[in-house]
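Reader: I have a sequence and a 3D structure to look at. Can you take me through some questions about them?

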Amino acid sequence: MSKEMLNALDALEAEKGISKDIVIDALEAALISAYKRHYGQSQNVEVEFDRKKGNIHVYAVKEVTEEVMDSQLEVSLKEAMTINPAYEIGDKIRFEVTPKDFGRIAAQTAKQVILQRVREAERSIIYNEFSAYEKDIMQGIVERQDSRYIYVNLGKIEAVLSKQDQMANEFYQPHDRIKVYVSRVENTSKGPQVFVSRSHPDLLRRLFEQEVPEVYDGTVEIVSIAREAGDRSKIAVRSHDENIDPVGTCVGPKGQRVQALVNELKGENMDIVEWDEDPAIFIANALNPAEVTDVLFDITNPKACTVVVPDYQLSLAIGKRGQNARLAAKLTGHKIDIKSESDMAEFYEELDRQEAQADVSEDTEVATIEAEQTEE
């Protein structure tokens, strides 16, 4: 048993990277519990594993006292001095109490400890490996689903795709291959847990990095993303090279690059617009494909504005169920109120009328005061 134990520990360290010393420390602690459980002993015991020969020894630790009150915990000074004359009261002496059949118990305990350490090590390896993929994308295979999750096989682990992380326009079937965004990795008591998403805005960012070399190397930067997964997205981009058109680069020749992403996301429409440091220009770009006549900012709130568009462009600017305006607001970080040119003209006419009425009222009030002064 001793040689087999040492060989097993050496193999464990070589193959799984589990330190032999850590396993031995855990084994000694487990054997103490096993000894007390099997032999009904409650005294202080120690288990020692011989790291060279692989033998296991059990020792009862007793304190040297003048008078013995408990023979399991204490030894008299007289008896201690027969062992070694140098012993004094208060010293600790170890007496070997290894049972003859303890090897069987030790083998069972060692097996349990080793299996537990192997499981812990494998969990740690998987956690460390998939932690490196956090905030990145991976390709997986749909395995199964229940009322809460779709389970995606990522190779060494089964990730979970919750309902809010699924795309409304997708139906997942077993054996489907899908690309997923690793939103977070948790190390739970039951092992590593990987959460993935198909609806996360950063899934688009990673897909563009895969499809567009200029995005991957940083020449073209994705500044912000507004996404309603499965339906429509807006992506704001800018170039760090004046000779490169950021929008054209992301769209690709004949739209090939962006079409590859649309196909991956099962027909999700994408508007790629150019970011601009001028908020008015950026907001106008964000409302693409609608034309913008003017952008008027609220003097009391710099993050709120009114966008003026031609009458025939109003419905296009707002979009179906307000989607275009809503995505533009998310993309730019501004509260956007869209008005047609005729609505703004009526607004200004009403404003002029109110100002004219205010002027008339003021003139009437002044005339009344002058008349009163004249009468006096």
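Reader: In the hairpin of strand 6 and strand 7, which residue takes a positive phi?

Author: First, some ground rules. This is a predicted model, where local features need pLDDT of at least 70 and side-chain atom pairs count only at pLDDT 80 or more, while totals for chains, interfaces and linings use all residues. Residues are numbered from 1 along each chain as its sequence is written, and side-chain values use heavy atoms, with hydrogens and water left out. The hairpin has 4 residues between its strands, and the one with a positive phi, near 115 degrees, is G155.

Reader: In which sense do strand 6 and strand 7 pair?

Author: Strands (E, at least two residues) and helices (H or I, at least four) are DSSP runs, numbered from the N terminus. Two strands pair if DSSP finds at least two bridges between them. I150 has L161 of strand 7 as its bridge partner. Strand 6 (residues 149–153) and strand 7 have 5 bridges, and the sense is antiparallel.

Reader: Why is strand 7 called largely enclosed by the rest of the structure?

Author: Buried means under 20% relative accessible area, exposed means over 50%, and partly exposed is in between (1.4 Å probe, protein chains only). Strand 7 spans residues 158–162, and it is largely enclosed because the number of its 5 residues that are buried is 4.

Reader: Which residue of strand 9 does L161 stand opposite?

Author: Strand 7 and strand 9 (residues 191–197) run parallel, joined by 2 bridges. In strand 9, L161 faces V196.

Reader: How do helix 5 and helix 8 lie to each other?

Author: Axes are lines fitted to C-alpha atoms, for helices over the stretch in contact, and angles run from 0 to 180 degrees between N-to-C directions. The axes of helix 5 (residues 201–211) and helix 8 (residues 256–264) come within 10 Å and cross at roughly 135 degrees. Under 35 degrees counts as roughly parallel, over 145 as roughly antiparallel, 65 to 115 as roughly perpendicular, and the rest as oblique. Therefore the two helices, helix 5 and helix 8, are oblique.

Reader: Which residues of helix 8 make the contact?

Author: Contact means heavy atoms within 4.5 Å. Helix 5 brings L204, L207, F208 and E211, and helix 8 brings R257, A260, L261 and E264.

Reader: In what order do the 3 strands of the open sheet come?

Author: The edge strands, which pair on one side only, are strand 13 (294–298) and strand 15 (335–340). Strand 13 and strand 14 (residues 301–309) pair antiparallel over 5 bridges. The pairing of the sheet is mixed, and the order is 13-14-15.

Reader: Is T306 buried or exposed?

Author: T306 lies in strand 14. Residues it touches include V295, L296 and K339, leaving out those up to four places away in sequence. Its relative accessible area is 19%, so T306 is buried.

Reader: Which residues does a cis peptide bond join?

Author: Most peptide bonds are trans. P289 sits in the loop between helix 9 and strand 13. The cis bond has an omega of about 15 degrees and joins N288 and P289.

Reader: What is the phi of R321?

Author: R321 lies in the loop between helix 10 (314–318) and helix 11 (323–332). R321 is exposed, with a relative accessible area of 61%. R321 is not a glycine, yet its phi is positive, at about 55 degrees.
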